[in-house]
Amino acid sequence: MLSLILALSCGMAGGLIVAVIPQTRSRLRNLVVLIFTTAGMIFTWRVALRVFAGENVAIAGRIGELPWSINPDPLGAVFGLIAATLWLFAAVYSFGYMAEKHEQRTYYAFLLISFSVTLGVAFSGNLLVLYLFYELLTFVTYPLVIHERSSEAVKAGAKYILYNLGGASVILVAIIITYGRAGSLDFAGGPILANSLQNGLDWLLLLFIIGFGVKAAIMPLHRWLPAAMAAPTPVSALLHAVAVVYAGVYGVLRVVYSVFGHELVGRLGFGTILPFVAACTIIVGVIIAAKQDVLKRRLAYQTISHLSYILLGAFTLQPWGLAGAMLHMISYSTLKTTLFFCAGIIAEQSGATKISKMGGVGWLLPKTMAVFSIAAIGMIGILPLNTFWGKYYLMKGSVAAGMWPLALVLIVSGIINAICFIPVVVNAFRGERTRINGERGSRVTLMLAPAILLVIVALLMGLFPGFVWPGVQAVVNWFF
Amino acid sequence: MKDFILKRMAAIILPFICVYGFYVILHGHVSPGGSFAGGIIVGLSLIAYSTIYGIAKGRAKLPEKVLVWTESYGTLWYGLMGMVGIVKGVPFLANKLAGVNLGNPGTLSSGGLISLIGFGVGIRVASTMVTLFFTMMEE
Amino acid sequence: MTATIIPDLPVFVVIAPLFVAFVLPTFARRMRLVEALVILVGILGFLGALYLASLVFAQKGSPLIYSLGGWQAPWGIELKAGNLGALFLLVVTGVSLPVSLFAKGNLAQEVGGKERSARFYVLYLLLGGALAGMAVTNDLFNVFVLVEVVTLSCCGLVSARNHPRAAEAAFKYLIMATLGSTLVMGGIGFIYMITGHLNMEFAARELASIWQHSPHVVWMALSFILVGFGVKAAVFPLHVWLPDAHSTAPSPASAILSGLAVKGYLICLLKFLYNVFGSALMQEFAVDRILVLAGAVAIIAGSILALSQDELKRRLAYSTVAQVGYIVLGLGLLNRQGLAGTLFYLASHAVIKSTLFLAAGAIIAATGKKKVSELSGIGRKMPLTMAAFTIGSLGLIGLPLFSGFVGKWYLLLGSIETGKPLPTVVVIAGSILCATYLLPVIRRAYFEPAPDTTNADWQDPQDPGFSQKLALILLAAIVVLLGVVPGPLLELAKRAAAELLLLQ
Amino acid sequence: MRIRSFLLLLLALPVIYGVLIAVAELPPYGMPDNPVHNQVSERYISDALDDTGVLNMVTAIVLDYRAYDTMFETIVLFTATLAVVITLKTRKGEGER
Amino acid sequence: MKELFGKLIMNYPYFAAAILFMIGALTVLTRSDLLKKLIGINIMESAIFLIFVAGGNIRGGVAPLLSKANSGAVYVNPLPSALMLTGIVVSVSVTAFALALIVRLHRAYGTIDLQRIAELRSEVAMDDSNHHT
């Protein structure tokens, strides 16, 4: 209980403290950020471990007659763990990346506040609290999206706000309908709508999926995501590859497993269509990604594609599928963050943002490119890396659900992923090797270290998948 | 205005108009008319005075301060008459219920608070008319 | 002493500000005294309203009836402090107190001179008293007279700014509003002609039994009243006077006009529709559908118009047009949740819009810049003002934990209960549009660098003085408070809704 | 301008028609059994003298039965005066803002 | 139609009021002269007064004033008259304020035509912007 409150308030408190530190005291600020993210991570771990152990950690109350509760279950704990752990990496990376940038105070303040809000999404115990933090997440990450202050960033910010507010509003309607039907919004007592009449639920499911699908970047609701790449790289890495989009994915998982329940979704018409929507997004997203020349945009479209892996696993409504989804959620987040980190280093050190201009970058930044290549291989889903396991269980789930073409989709997508990234690596090591080593100085070290560490974690996870298995199992047992 | 006849005639008629206005105010409860009509007659007599003898002279007769005071306290008077009821423990603006002597119907002193309120309203209306006239003419 | 005051409380909250207003002109030059009296009466009024609300709250269901002059209902005028009245009284007193605190700061500068500001305060108090009167009145013709007091004092407040544009706006406002009140008077006349009563309950009872005999007259009365109050409350196509009036008025006046005066008319409209005609008759004459449609159009059109304004106060004024749409739409939902949401929304919008206008006023007073596009970086220079503005905006957008959300939640519950998609879609679209016209202001204020300070005509703006800061803090705190603990007010709104819909 | 007026008149015609229908439907003019002559007005006529001690019933209503309305009526006048004064009275040296 | 007219003629004061009301409304809406607008408003209000007062009338009734001369007579309803007393005062107040505003506008622009004022104002605005730039 105490660790739950502390975990949630660490980011908020840190953000407020950072906001009052003068603009010039950057070392002090970095220290505060480091302390609070670390503390937040530790408390989140404590909460998560207790949740996995089967303890009930909850706070609840009422606003008027609307109940609220913060009550992490295994699914929330897994999401919280991913976010909290990666936040620390992203914060360290930011120390390097942001070192000579403007408006650091705003940046770190909002980075920390959004940490709290993301954990709030993860730990929410009912739909209302989920909605609250989901909506807040849009607002507190908005300053990060427009951090560059360029007109392009402002436009991206407007798009970001509009898409996400629209999605949140649709969710609000859906929540109100749910409330009207079931009279309760709590996740704790099994699926909310389990005993509801079936008529009209199709449309309710559609509303929920559209609403959360905006943040989960289901096509055609994905357009804000590539635009939001105008943000600084750590933000792209953390928020637009992990935290914000996972909030959407997490919402969809919640809707499928906690609001409707997998049995009810299986009986609905839309429930059977959804896996194919996810499959379409997987393929189309990665194809569009392969056509992009700007590295960050390529990564963004690829994110769209991979988010739908997770959704696909969830939509199979099978224990294996859900396990796959959870595994992919964990493993993908490590690798994608690494890729973004590398992209940031490349852009900072060589000035190249387009893939076609990256000839010879590999000689300039050998370590970075090495890390990048490993992570890129991971995106394809080959064994020594953790993504393999996620994909394996996803396929298993699809087959178990009797939807074997989906397994095929996953394989095809893996191939296109390879087409997507292998040329980047190859291209990087082509060309003259005369340029001097760009990986010197504390700034680059601060940026490189998290990336390397993450790749090592990913490799370890790939080799010893039992290491994350208890969490995955807890989630699966919780819902099935 | 320099018209001699007008000035003389006004000097004769206006006092009567003014007195008539007060008569109407005071007899509002026994005859047709009432405080509003009477107040406007009084006000008009003063307005006529100011038009005929010039604004400055009218102003001298009725300085701004007097007008402001009659305005404010004339309105307050109404409220205070209403408070009589509250003081006596009955609702606001009560008359008969407040135990006021209603007097002999048809006479000037009848009606209890009604005649008092009416007088206040009459004065107020008169001063309002004059204030409106002065404000519009002077600026 | 208290034993004698309590039964007279409904009338005291109305006449207290009026009494002070009567004597103020006689010491117009002693500014300190004037301000102290205004604030004192504001505090007293708020305490009175609070006590009244607690009384109403304690005795469930039965409203406090007060027969003026001791004359019983069909003969005399009756005040009725029920749930609705207590709610609106709370709103009126709760908003006008911070606004008068704000006015204390720089009113003389804004309207020009001590005496003018004393007169401004008099009009302000008269407006407050008349609005309080609207909250508790239960008599048709009394509504008309109160409406006229509100109209005239509003126009006076608009023209308090010594500028020809203000006079023009005031004239437009006056003509339109008088047109409206003439229509309202006509409507009252028609109702009186066929029922013979001026007391709302008696008229309603009579009307329910005889409306079949003269449906056209009822139609006429309904449409006169709808159009009349529609003009006054600025329901979309009839809103033409509002943007000019609300944007040229001095800032405290804008806050009161947008926050309270418009709401007063809407409360009157609500009383006419629900207390006189009744929900059954409303359905019979399709008024509910008309209201929903008008509200929907107002929300969309008002928001789009607001989006195209560059002048901050005009943008806020058009936003009022949109927000009035919400309330009108809510009046047409005809179910308990929807109506309770509407009432809560009305209260929360009163607070929020006052906050926004006051913050805008403080910014304009400090910088002299009226346009949104000129406000770059103001958030750093005037952090407190801009924080209040941000809280207000987030409340208006309807973010959870702010007061707007609770109202919107119940409005949505009500709209979904009607089973028609239009209200739901429009309410949602409205809040998104609201974000699109308010967030750019905040973005500019916080995330854009301030222009060069070396420039001569940009002297460094600062947060306003103490009392103005206090007013902004109070209002912003109410916005958050209503969002976090809406309990009592919401309960009041729910009971009022049940009472209006004749449910138990 | 003239065309606009004409169009407005054309638009007004249905409204006029509606008003006329409603007007025709009002209780017949001057009949003693109209709804307006109910117990309310009867009491005013029969009891005004006892209740208020005033011969003029209109005054009895204005200043006693419905004195609250009349109070607001004087307030309307008061408001109007203030509004007029605030509009027109500008001292020298108080520049326009 | 014939029935309608029959009823209208029976209700002739209301009919007259309706006509007056429409005249007033059209004057307000179509005229751009401020004074004419104001006159229109007053005509409208008079129409409403007429409806009220006529509604309280009884054919053959006497004014609601107790006196020995008309003891036993039928009195007309005094309530509408009392209400309209209030209404008239309200209308006077509005008129006074509107006149004051007209005076103010005339002082500022030298005209009381709304369109002309709008033109003048836009010219002033143009001048203002020229000054600043």
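This is a predicted model: local features need pLDDT of at least 70, side-chain atom pairs count only at pLDDT 80 or more; totals for chains, interfaces and linings use all residues.
Rolling a probe the size of a water molecule over the atoms shows where empty space is left. In this structure the count comes to eleven cavities of 30 Å³ or more. The largest cavity has a volume of about 220 Å³. Its lining consists of 20 residues, and those nearest the centre of the cavity are Pro17(C), Gly42(C), Ser96(C), Leu125(C) and Gly128(C).

Which helices of chain C each supply at least two residues of this lining? They are helix H2 (9–23), helix H3 (31–58), helix H4 (83–112), helix H5 (114–136) and helix H11 (251–284). Of these, H5(C) provides the largest share of the lining, with seven residues. Sorted by class, the lining of the largest cavity contains 13 nonpolar residues, seven polar residues and no charged ones.

Charged residues are the next topic, through the salt bridges that they form. Over all chains, the whole structure holds 21 salt bridges. Glu115(C) and Arg119(C) form a salt bridge through their side chains, with a distance of 3.6 Å from N to O. These two residues are about one helical turn from each other, because they stand four residues apart in helix H5 of chain C. Both Glu115(C) and Arg119(C) are buried.

A further salt bridge of chain C joins the side chains of Asp244(C) and Lys172(C), at 2.8 Å from N to O. This pair links distant parts of the chain: Asp244(C) belongs to helix H10 (residues 242–248) and Lys172(C) to helix H7 (residues 164–195), and the two residues are 72 residues apart. Lys172(C), with a relative accessible area of 27%, is partly exposed.

Salt bridges also occur between chains. Asp51(D) and Lys96(B) form one in which the closest N and O atoms are 4.0 Å apart. The pair joins two chains, because Asp51(D) lies in helix H2 (residues 39–52) of chain D, while Lys96(B) lies in the loop between helix H4 (64–87) and helix H5 (113–138) of chain B. Asp51(D) is buried, at a relative accessible area of 7%, whereas Lys96(B) is partly exposed, at 40%.

The last topic is the contact between chain C and chain D. To this contact chain C contributes 57 residues and chain D contributes 41 residues. Together the two chains bury about 4400 Å², and 67% of this area is on carbon and sulfur atoms. On the side of chain C, the residues that lose the most area to chain D are Trp71(C), Trp75(C) and Asn162(C), which together account for 18% of what that side buries.

How many salt bridges are counted between chain C and chain D? The count is one. Arg66(D) and Asp139(C) form a salt bridge, and their closest N and O atoms are 2.6 Å apart.

Technical notes
Residues are numbered from 1 along each chain as its sequence is written. Chains are lettered from A and ligands numbered from 1 in the order in which they are written. Side-chain values use heavy atoms; hydrogens and water are left out. On a 1 Å grid over the protein atoms alone, a cavity is a set of points where a 1.4 Å probe fits but cannot get out, and a pocket is an open set with protein on both sides within 12 Å along at least five of seven lines; lining residues have an atom within 4 Å of a point. Grid points are joined across faces, edges and corners, and a volume is the space filled by probe spheres set on the points. Ala, Val, Leu, Ile, Met, Phe, Trp, Tyr, Cys and Pro count as nonpolar, Asp, Glu, Lys and Arg as charged, and the others, Gly among them, as polar. Buried means under 20% relative accessible area, exposed over 50%, partly exposed in between (1.4 Å probe, protein chains only). Contact means heavy atoms within 4.5 Å. Buried area is the accessible area (1.4 Å probe) that two parts lose on being put together, summed over both.
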